[in-house]
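Look at the model below before reading on.

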Amino acid sequence: MRSTAKSRSAIFIAHAFALLLPIFGMPAIAAPDNIGQVLKHADQIKLGNNDQFQIELKQLDTQSNQLTAQQRDWLDYLHAWQLGYQGDYPKALTAFNALLARTHDSTVRARARISRLYDQINSSHYEDAFENSSALLDSLPEVEDKNAHFLILISASDLYISAGQYELALRYIDQALAYDSSDSSTCIVMSSKVDVLYRIGKLDAGDPKILAGIDTCQRIGDAVDVDDIHLKLAQAQLDHDDAAGALKLLNAHDAQVVATHSSALTSDFHSVMARAYLRIGDLPQARKFAQSAVDFANKQEYSESVADAYKVLYKIAKRQNDDHDALAYHEKFAAADKGYLNNTSARALAFQVVHQQVLDKKRQIDTLSEQNKMLQLKQQIDEKSTETRGLYVLLLLAGLALVAMWAWRTKRSQIKFQTLARHDGLTGISNRQHFFEAAQDSLRYCAKNARDAVVIAMDLDHFKAINDMHGHAAGDATLKRVVGACKERLHSIDIFGRLGGEEFAILMPDCNAAVATKRADEMRATIAGLSAVANARNDVVVTASFGIAVTSVCGYSLTTLLAHADNALYSAKHAGRNRVVVHRAGADAKQSKPSGGIDVSESTDV
């Protein structure tokens, strides 16, 4: 199971800005009795008591005509903060931009810029977020307060976590703690560190540092980060098939999570609870929390929690033989999952683009510096006639060569980024987005020319056991060997894509069911024979199951073909794995024996 991406930023932003209070001199206030005190009190309780915070905002709104210009800026900041906290990121960004355009208060500007960074992440404005973070990091030498240092560094770590740059994220996390080791900062750092450790598969629930971090968060009343840490621990338990343990942990903190009013955290919490209830077979509870995850996701329809929730609802409908709802939920899952993966790719690509822009600016500065040196030399040698002319020509050629080299490097970088955006980094085949685009184009051509086409869904059997028993390195090596074996059986016009994890899809244009079944069975047999490897470290037994859908039965819609191919694959899994099943109209299906021969038999298409 993948780790949550957007919620971490949405959860962190709420608590992070509470740390700015010591920076700007806001003492604790027991009972506010004037506008200034109400503003300060509301700012202090916005996370710990969001219900009372909203009440005080309404009170301040009724007194807006009595506020000074500075107080109105603070009130507008708090309104923009609440919009982002509740998940309405576009409105929050608009409010922050308007505030930054007019306010002259340095305190408001600092807080608004950091708040805006997280809303940019959550609204998928990744290039803006990286540029904003880069500017904040560049300003560090001018920032004297250690708490401000902490906020800038921890915001950078969260941004790099969202882009999958975990080494950079850990570097900034450690730097942040070095600047500020107070309890509140330690709590935030531990929440971020647990997030990274979970993502890279190194989270240990019994780690004394994690347990100490939880105690610190509970001691200072930081419910958000406590719940975020528990969410990661529960996900780790669920990934290790301990659904009961995960539910025990999640149920103990569910009410507290809902009370935070954090839509992203609540959506993630309920999405994981839905998967856990499905794992133990409690379908009513699984359906309840899956729908709640969708509802709490608010406008983030392409978040991972929404994709996982629709997948749970799809599986429930399949178990209950409700084909209509199963297809509808599968389509919603496919759309949400595709959107989430696109956002993930966009974050990684935005990091590369901004990183490249920084390098390009450096090259441009270096080029300008070289050109300035050339001009200085030219002015010096203008006094010598013959020597000056020769050197002038030489300098001109050197300048042209530099420009040509810069243009060549830029073009090469563009080609490299285009390749990275279209291919899976591990296996080298098409990634999910490119597969969908290329397959849809090919299907349109086949439909126009009345040619048959076949979609094959492939999934490696018990792949999680390979990772658990032999490690992720062996799992990655297995995926590469399987892809290599399949590519030997494919034609140049076939489209081969990795949809995620150990799930693959193949589009075979101008191909019928009989030919596709034979070729799929050959791939299945080849994969089953990959275990005979001399190197014991890589001697991993692996098999694969295949589901086939043809246009003559399912039509030329890629979504429908993939859904029926997935259904056939599901039948292959239930029939014993290591086999090929072809989707037929009605309940007829064709499947291959694990031994390699083709056997026509009855198999229910679920």
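A salt bridge here is a side-chain nitrogen of Lys or Arg within 4 Å of a carboxyl oxygen of Asp or Glu. The model is predicted. It holds 21 salt bridges. Three of them are set out below.

| Pair | N to O distance | Burial |
|---|---|---|
| Asp-43 and Lys-46 | 3.2 Å | Asp-43 buried, Lys-46 buried |
| Lys-573 and Asp-461 | 2.7 Å | Lys-573 buried, Asp-461 buried |

Next, the nonpolar cores. In soluble globular proteins, nonpolar side chains tend to be buried together. The largest nonpolar core in this model has 46 residues. Those with the most contacts inside it include Leu-203, Ile-229, Phe-269 and Tyr-310. Among the elements that give two or more residues to this core are helix H11 (183–199), helix H15 (263–280) and helix H18 (323–381). H15 gives the most, with 8 residues. Beyond its neighbours within four places in sequence, Tyr-310 touches Val-294, Tyr-329, Lys-332, Phe-333 and Ala-336. Another core, of 31 residues, lies apart from the largest one. Val-454, Val-482, Cys-511 and Val-582 are among its residues.

Helix H15 also holds His-270. Is His-270 buried or exposed? Its relative accessible area is 4%, so His-270 is buried. Its side chain makes a polar contact of 2.5 Å with the side chain of Ser-292. Setting aside neighbours within four places in sequence, the contacts of His-270 include Asp-254, Val-258, Phe-289 and Phe-296.

Helix H8 (residues 126–138) has 13 residues. At 1.5 Å a residue they should span 18 Å, and the end C-alpha atoms are 18 Å apart, which agrees. Buried in H8 are Tyr-126, Ala-129, Phe-130, Asn-132, Ser-133, Leu-136 and Leu-137. Seen down the axis of H8, these buried residues fall within an arc of 160 degrees, so they line one face of the helix.

Terms used. Residues are numbered from 1 along each chain as its sequence is written. This is a predicted model: local features need pLDDT of at least 70, side-chain atom pairs count only at pLDDT 80 or more; totals for chains, interfaces and linings use all residues. Side-chain values use heavy atoms; hydrogens and water are left out. A nonpolar core is a set of buried Ala, Val, Leu, Ile, Met, Phe, Trp, Tyr and Cys residues joined through side-chain atoms within 4.5 Å. Buried means under 20% relative accessible area, exposed over 50%, partly exposed in between (1.4 Å probe, protein chains only). Helices (H or I, at least four residues) and strands (E, at least two) are DSSP runs, numbered from the N terminus. Contact means heavy atoms within 4.5 Å. The expected span of a helix is 1.5 Å times one less than its number of residues. The arc is that of the directions from the helix axis to the C-beta atoms. A polar contact is a pair of N or O atoms within 3.5 Å; within protein, one must be able to donate a hydrogen and the other to accept it, and residues adjacent in sequence count only if both atoms are side-chain atoms.
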